[in-house]
Every structure is written in C-alpha cells, then in structure tokens.
Amino acid sequence: MVAIYYVMIVNVLYFTIMGLSYRSISTIARRTKYSSYNTLSGSELVPPVSLLVPAYNEELTIIENVYCLMTLNYPTYEVIVINDGSSDQTLSVLISEFKLEKMANPDIRGTIETQNVRGIYHNSDYPHLFIIDKENGGKADSLNAGINLSHYPLISSIDADSLLEKDALIRMARMYMENPEETVAIGGDVRIANGCLIENGAVQKVSLPRKIWPMFQSIEYLKAFLGGRIGWSRMNGLIIVSGAFGLFRKDYVIAVGGYRGGYPGEDMNIIIKLHRYMLSHKLPYKVAFCPEAVCWTQAPDSYKIISNQRKRWGRGNLKNMIENRGMLFNPKYKVMGMITMPYNVLFETLNPYFRITGLLALIGYTLLDMTHWRILLTFFLLNFLSGYLLSVGAIVLEEIAFRRYKKLSDLWKMLLFSALKFVGYHQLGVLWRVQGHIQYLRKNNSWGTMTRQSWKEESKAA
C-alpha cells in the first residue's frame, strides 16, 4: 500500500507542476512570437555578457562552437574558452584557427581560487575572444577561472559541445531586463541536436534523432524542461539551471564563492547556493527559466556513455541533497525549503528505492496470494498511463508555443517513443541512479568517457 500511495503522491505533484507550466505557456507563446528581439540586438541598453565555455578534449566540436558564439545577435559580449588541461588537440586547434598569441600581462580581475593558469591567448583581430589554458581541475574550476578573467557584469555558462540559436542570448537578456534588480539566474532550454542538419555553426534543419538512445533523451528533455522547469520557475522553486546554457549575475556568483569544484552537479549546486544566499540575506530575487532561448547539444548515443552520464548525475544529486539537508522543511528557505528540497529528496533522490521496494512488495503479495494479479496489472497500467500523459503533455506544450518539429512523422515518432521509454529505458534510469549512489558511497568521483562526433559528421548522419 505504501508503494501505491507513493506513486499517487508523485503523480499528483508531477501533474501540478505540469499544470503550472500550462498556465504560463500562453504568455510564453506570445512573447516568443511578438517580442522585438531584433530591435534589442542593436541597443546599447542591453547589458554586456561574458560567455564562459569550459572545454576538455573537445577538439572535434570546439571550432564550430566558437564560430557559432562569435556570430550571435547580441550587441556587446565576449567569448572566453577555458581549456581544462585537455589531453587532445583542443588548445592547438584553437591557436591555429584563430592565430592566437599568448598574452604577456593579462588583466585577471577575479580572486576565486582555481588550478594553475598556464597562459591566456588572444588575437586583436578577434577582440572579444580569449582562451584560458589551465591545469585540469574539472568543469566548475574552469568556470571559476573564466569568471576571474571576465570583464562584464553578466556571465553565461555554455557547454563546448553545444550550439546556441542566434537570438538565444538576446531572448534571455530581454527576460533579465524586465527585472534586473531581482533576477540572479536564468536557465535556457536545451534540445537534442542529434539528427539535425548543422551548417556554419547553426542548426539549419530540425529533425529528431535517428538512433534510439538520443531519441529517448529528446522525449526526456522535453518533459523535464517544458513540462517541469516552466512550472518550477513560476513558483520560484527552480533548483537547477542546466550547465549547457545559463545566465547569471556575476556579483552574486562571486558572493557565494563561485562554483563548487571537485564533484559533479555544479549546475545544481550553484543554484542552491544562490537560493540560500538570497534567502539568508532576505533579498528579493528570482531564478527564472526562458524556454524560448534554445541551446542545441549532442546527446550520448551509446549505452556506455549515457550510463556514465546518468551515474554522474546521480552522484551529483545525492551530494547536493546531503550537503544542503539543513534546508529541508526549513521555513526560512520558503519554497526551496518547504517544497523544492523535500520534493527532490523524496521523489528524485530516493525515487529508485521506493520504486524497487514497491515493485518487489507487490510481486511478493501476488505470489503469496495476499493480493490479486489484476491489482498488480492495474497498478502497472495506471503508472504507465500517468507517465505517458506527462510526456504527451510536454509535447503539447512544444506544439502550442514553439512547433520546432515541423513534420507530422516527427510528432508520431515522439508519441511512440513516449510509450516505448517505459519498456526498458525507464527501468535503466532507476538502475543508473542507484549505481551512481553506490559510486558516491565508494567515493568514486570519475567523470566517465564522453566520445563526441564533429558537427560535420553529425550533419552527414542527418
């Protein structure tokens, strides 16, 4: 019975968050369609931004990514690529492509402690491009090094395997400009680029992935970003801004000590720290989500790579919950303390254990004749139906506001994979999270291998 009540509560919460997303979608759709982004992209009133791009062994994608970032529709910004001690040719290809030279006396203003910076490279022909070469210290350490060099009051973290839509940054800046005093962070929407046609550092034709693993992740991302983060943002309870694309006020990031190094989950950790800081100092603030600001990223396309990624996410989530357990049910932290943190502990971190024990209990009851097999079947069907409706709900949000997938066949494919993910993929997600927790207890902090394709290879496949 506990398992049934747990599933009921989980689904009520999921549908409540989805409902909040639906309450916001008409406003988002109007903003997407009618806002004058082109006017803003040439305005001097738009705040300048430092784009921080951590890169570790990204020789296949980094050049196209940098060219993409250097051609955004935005008036004033700089691109800072941080080479985190790559063992491949990441630094070499950057130096060769942009004819960079090592700076003699770089202007490093920040004081956040990082691994040793070996050099900063620049070319006056590209006045807003800087390359930091440093010893390996992880993604968080790279972001902190980028903050130390950055020259502007806003910073944006962007993954080196990601491509921003040309107006993504200006859309995010518009949201910031609506309430610059209180907005401390804004998250962007992350979409799967596998299967898309990519030319000159931009997605020219949107298509769904052709491989099964990225296709499952496309459905997963739609549900998480459109079905979840819009709703959480509405109540100012957003606990994560994706490391692939986010915008932050630099002064507050520095005030909380920068990014936490040495462990995965830095994108969640920085948002929790910002919530804690603002609430502890009784400062009005907002952590927002901008679904019309889109970043396209390469998704893992093999079992080994996706399993390593999900185990890493599981370790990061568990560590963040343990480190910040003092916020749980603490009214001092308002929505974060009373809703977001308890939700994440009970229905995200501990979710695999409730599901496994609940399933075993129901099977045991059936085998011991303590309940009828029809009850077990009904439980499974209701669980499947609720999960499927949540995925379909996210697809409907996509169709209402954005309609990026133009082909009818893409819509049918999304509906099909929304059902198929409950046959194997969903169960693997539970397994990977448990394995991530075991790695945490064993103090296994390895990042895992992430093999990428060049964008040209991805486009050929498309």
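Predicted model: local features only at pLDDT ≥ 70, side-chain atom pairs only at ≥ 80, totals over all residues.
Q: Quick one to start: what's the relative accessibility of Tyr 67?
A: Tyr 67 is at 31% relative accessibility and therefore counts as partly exposed. On that scale, buried is under 20% relative accessible area, exposed is over 50%, and partly exposed is in between, with a 1.4 Å probe and protein chains only.

Q: Got it. How many aromatic pairs are there?
A: The count comes to 22 aromatic pairs. Rings of Phe, Tyr and Trp (its six-membered ring) pair if their centres lie within 6.5 Å, and planes under 30 degrees apart are stacked, over 60 edge-to-face, the rest tilted.

Q: And which ring does Tyr 67 pair with?
A: One partner is Phe 98, in a tilted pair with 5.1 Å centre to centre and 50° between the planes. The pair links distant parts of the chain, 31 residues apart: Tyr 67 is in helix H3 (residues 62–69) and Phe 98 in helix H4 (residues 90–98). Helices (H or I, at least four residues) and strands (E, at least two) are DSSP runs, numbered from the N terminus.

Q: Is Phe 98 buried or exposed?
A: Phe 98 is buried, with 0% relative accessible area. Its ring also meets that of Tyr 126, with centres 5.3 Å apart and planes at 85°, so this pair is edge-to-face.

Q: Changing topic: which residues share an aromatic cluster with Tyr 14?
A: Tyr 14 forms one with Tyr 6, Trp 232, Tyr 343, Phe 347 and Phe 354.

Q: Nice. What charged end sits over the ring of Tyr 14?
A: That's Lys 223, at 5.5 Å from the ring centre. Here "over" needs NZ of Lys or CZ of Arg within 6 Å of the ring centre and within 35 degrees of the ring normal.

Q: And what lies over the face of Tyr 263?
A: Lys 319 does, 5.0 Å from the ring centre.

Notes. Residues numbered from 1 in each chain as written. Heavy atoms only, no water.
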